[in-house]
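Have the model open while you read.

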Amino acid sequence: MRILVCGGAGFIGSSFVRHILDHSADEVVVFDKLTYAGNLDNLSAFAESPRYRFIRGDIADVEAVRVAMQGIDAVVNFAAESHVDRSILNPGSFITTDVYGAYVLLEAARSMSVTRFLQVSTDEVYGEVIGESSHEGSPLRPRSPYSASKAGGEHLVQAYHVTYGIPTLVTRGSNTFGPHQYPEKLIPVVITEALDDRPVPIYGDGLQIRDWLFVDDHCSGVDAVLRRGTPGETYNIGGGNLHTNLELVERILDLLGKSRALIQHVPDRPGHDRGYSIDSAKLLRLGWTRDRAFDEALETTVKWYVDNEDWWRRVKATQDYQTYFERNYSDRESLTVSR
Ligand SMILES: NC(=O)c1ccc[n+]([C@@H]2O[C@H](COP(=O)([O-])OP(=O)(O)OC[C@H]3O[C@@H](n4cnc5c(N)ncnc54)[C@H](O)[C@@H]3O)[C@@H](O)[C@H]2O)c1
């Protein structure tokens with residue numbers, strides 16, 4: 001099969017490319033706009049593979065998508081604006097990529113003989129969930145521009161299945177972590193700030209609960225759905241590791257041998273969901289299993305950032321990163337580190 005991996009230069013997409021090349025004889029065509037989050041370094045290991053090709057393009061560009069989808073059997077769409085904080089600062093780009101871009105891909109898939117169209121979505125579409133676990137039939141109550149745009153993309157995917165018979169699939173992964181994650185998300189922010197002995201920002205009281213999923217397990221879940229999922233269906237991919245943000249940050253600081261005094265509580269994110277938790281029973285019935293225990297996966301991730309300073313220092317040196325970080329945490333530096 002020849003798979004078009006949209007957003008394949010990002011964190012999870014590039015790991016999915018590795019997964020496909022390592023575990024199948026399939027060919028991969030990466031289609032990626034290379035936004036601030038897209039990074040060809042994430043794909044450099046495959047550059048010489050005869051089963052890999054890269055096309056730079058925007059999923060919201062009708063003509064570029066039509067050309068990229070020629071000869072493609074399956075589409076897996078990771079491409080998205082993916083960061084909640086950025087969606088609060090600039091929601092428009094989320095609608096353009098996560099909703100309109102999904103529409104452009106679906107229209108192209110409709111006019112071609114694509115046998116699978118998998119939309120990678122998120123557990124954040126369920127909104128705040130406390131004391132229970134969402135299953136695939138639970139109501140969608142997105143509360144940030146990011147999660148609302150992801151829900152919009154998903155609704156279009158489902159509508160194209162019902163209306164036009166496109167063989168679509170949707171996955172809703174939980175909070176994902178691992179190597180190559182852009183250092184705006186919690187875990188790499190904590191690791192990289194702590195490595196420089198800078199204050200580590202935590203929103204509010206830090207008691208928000210997330211279900212942490214290692215990136216390789218997310219990718220094997222997407223692959224299981226791609227190959228064995230039933231068209232028209234949605235599948236949760238959860239890590240089964242519920243931790244508060246504070247607990248997680250403390251563990252990372254302990255792994256790095258850094259003082260917990262680096263923790264800096266900063267004003268909470270507006271509309272911050274206190275909890276997420278998803279039930280992955282439907283995916284487990286497809287034969288998917290999680291490979292990595294949380295503690296070991298967290299250690300692997302911390303070690304990767306320790307060993308790959310060049311990667312994250314290059315990213316953090318960009319103007320985009322510095323402008324974003326300054327805007328998002330503008331008054332952080334003026335706060336004293338709590339001891
Ligand atoms: N990171 C998580 O915790 C998580 C959890 C569940 C689901 N997801 C979903 O998984 C997908 C990948 O997430 P990620 O964390 O790897 O994101 P990321 O931000 O690291 O990567 C996104 C990739 O998409 C590309 N892209 C953005 N806009 C594009 C456009 N218009 N056209 C083509 N390419 C474009 C970027 O260049 C980048 O390579 C997203 O759809 C996200 O919603 C992420």
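Domain 1 and domain 2 are linked by five salt bridges, counting a side-chain nitrogen of Lys or Arg within 4 Å of a carboxyl oxygen of Asp or Glu. Keep in mind that this is a predicted model, where local features need pLDDT of at least 70 and side-chain atom pairs count only at pLDDT 80 or more, while totals for chains, interfaces and linings use all residues. Residues are numbered from 1 along each chain as its sequence is written, and side-chain values use heavy atoms, with hydrogens and water left out.

**Polar links**
- Asp85 and Arg269 pair up through their side chains in a salt bridge, at 2.7 Å from N to O.
- Ten residue pairs, both at pLDDT 80 or more, are in polar contact across the interface of domain 1 and domain 2 (N or O atoms within 3.5 Å; within protein, one must be able to donate a hydrogen and the other to accept it, and residues adjacent in sequence count only if both atoms are side-chain atoms).

**The domain 1 side**
- Helix 3 (84-89) and helix 7 (215-228) each bring at least two residues to the side of domain 1 that touches domain 2; helices are DSSP runs of H or I, at least four residues, numbered from the N terminus.
- Helix 3 gives the largest share of that side, five residues.

**Domains and buried area**
- The domain assignment, automatic or from a database, gives domain 1 as 2-177 + 213-237 and domain 2 as 186-209 + 241-273 + 292-328.
- About 1700 Å² is buried between domain 1 and domain 2, with 51% from carbon and sulfur atoms; this is the accessible area (1.4 Å probe) that two parts lose on being put together, summed over both.
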